[in-house]
Amino acid sequence: MKKIIGIAGVFALLTGAANAADKSSSLEAIHSKHMVAEAMLTAHFVAAALKAGMERDEINAVLTRIAERSAVTEFWVSDEKGRVVFTNVKRVDFIFPTDPEAGTQAAPFAALLDGSKAVVTQESRPREADRKVFKYVGAAGVDRPRIVQVGISAEEFGKR
């Protein structure tokens, strides 16, 4: 026998689904705000570290320690041409596209290089390189044009 749901029941189901979607999108927004702060702090750290004379390996070691002890999975900090010069990810040579319309996942972050944006956030999605789900947020450099990106894996989101 089929169960008939009245208008009130349908409204309750729709409202519940909408509330679940609102909670999900608001959780994504909260994560984005935290990640913006992480990217901005990283931009200030890199600028201060360079001003203090720290070498690339020293900066990468700090980024690695932070990633090991926090929710941030990856740090990607470029030079003014988009080439990653500071990261906690070993043995990866990566260059961000310099055209925000290039059509790749990393392309929107180019707007941080040309100064058209101070912050770029992306929804969680499978990344192009290996299809692992990541959320990326980037901030502009504070000492020179650069991309300062932080990434958090879906596995890490489950721990938060």
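This is a predicted model: local features need pLDDT of at least 70, side-chain atom pairs count only at pLDDT 80 or more; totals for chains, interfaces and linings use all residues.
Student: Where is Gln105 placed, and which residues is Gln105 in contact with?

Tutor: Helices (H or I, at least four residues) and strands (E, at least two) are DSSP runs, numbered from the N terminus. Gln105 belongs to the loop between β2 (84-87) and β3 (119-121). A contact means heavy atoms within 4.5 Å. With neighbours within four places in sequence set aside, Gln105 is in contact with Gln122, Arg125, Pro126, Arg127, Glu128 and Tyr136.

Student: What pattern does the protein follow along the sequence?

Tutor: The pattern is α-α-β-β-β-β-β-β-α, from three helices and six strands. Of the 160 residues in the protein, 38% are buried. Among contacts between residues at least 6 apart in sequence, 49% join residues at least 24 apart. Accessible areas come from the Shrake-Rupley method with a 1.4 Å probe, and for residues only the protein chains shown count as cover. The accessible surface of the protein is about 9700 Å², and carbon and sulfur atoms account for 59% of this surface.

Student: Which residues touch the most other members of the largest nonpolar core?

Tutor: In soluble globular proteins, nonpolar side chains tend to be buried together. A nonpolar core is a set of buried Ala, Val, Leu, Ile, Met, Phe, Trp, Tyr and Cys residues joined through side-chain atoms within 4.5 Å. The largest one here has 19 residues, of which Ile59, Phe75, Phe86 and Val150 touch the most other members. Two or more residues of this core come from each of α1 (7-51), α2 (56-69), β1 (74-78), β2, β5 (133-140) and β6 (147-153). The element giving the most is α1, with six residues. A second, separate core has eleven residues, including Trp76, Phe96, Leu113 and Tyr136.

Student: How are the strands joined, and what partners β6?

Tutor: Two strands pair if DSSP finds at least two bridges between them. β6 pairs with β1 in the antiparallel sense over four bridges, and Phe75 stands opposite Val150 in β6. Seven bridges join β6 to β5, again in an antiparallel run, with Gly138 opposite Gln149. β5 and β6 form a hairpin with six residues between them. β1 also runs antiparallel to β2, through three bridges, and Trp76 has Thr87 in β2 as its bridge partner. The hairpin of β1 and β2 has five residues between the strands, and Gly82 takes a positive phi near 95° there.

Student: How many residues of β6 are buried?

Tutor: Seven of its seven residues are buried. Ile147, Gln149, Gly151 and Ser153 lie on one side, and Val148, Val150 and Ile152 on the other.

Student: What does Val72 touch?

Tutor: Val72 lies in the loop between α2 and β1 and is buried, because its relative accessible area is 5%. Not counting residues up to four places away in sequence, Val72 touches Glu38, Ala67, Val150, Gly151 and Ile152. Val72 and Glu156 are 84 residues apart in sequence and 8.0 Å apart in space, C-alpha to C-alpha.

Student: How is a pair of aromatic rings described?

Tutor: A pair of aromatic rings is described by the distance of the centres and the angle of the planes. Rings of Phe, Tyr and Trp (its six-membered ring) pair if their centres lie within 6.5 Å; planes under 30 degrees apart count as stacked, over 60 as edge-to-face and the rest as tilted. The whole structure holds four aromatic pairs. Phe94 and Phe96 form one that is edge-to-face, at 5.0 Å centre to centre and 85° between the planes. Phe94 is partly exposed, at 30% relative accessible area, whereas Phe96 is buried, at 2%. Trp76, Phe94, Phe96 and Phe109 form one aromatic cluster.

Methods. Residues are numbered from 1 along each chain as its sequence is written. Side-chain values use heavy atoms; hydrogens and water are left out. Buried means under 20% relative accessible area, exposed over 50%, partly exposed in between (1.4 Å probe, protein chains only).
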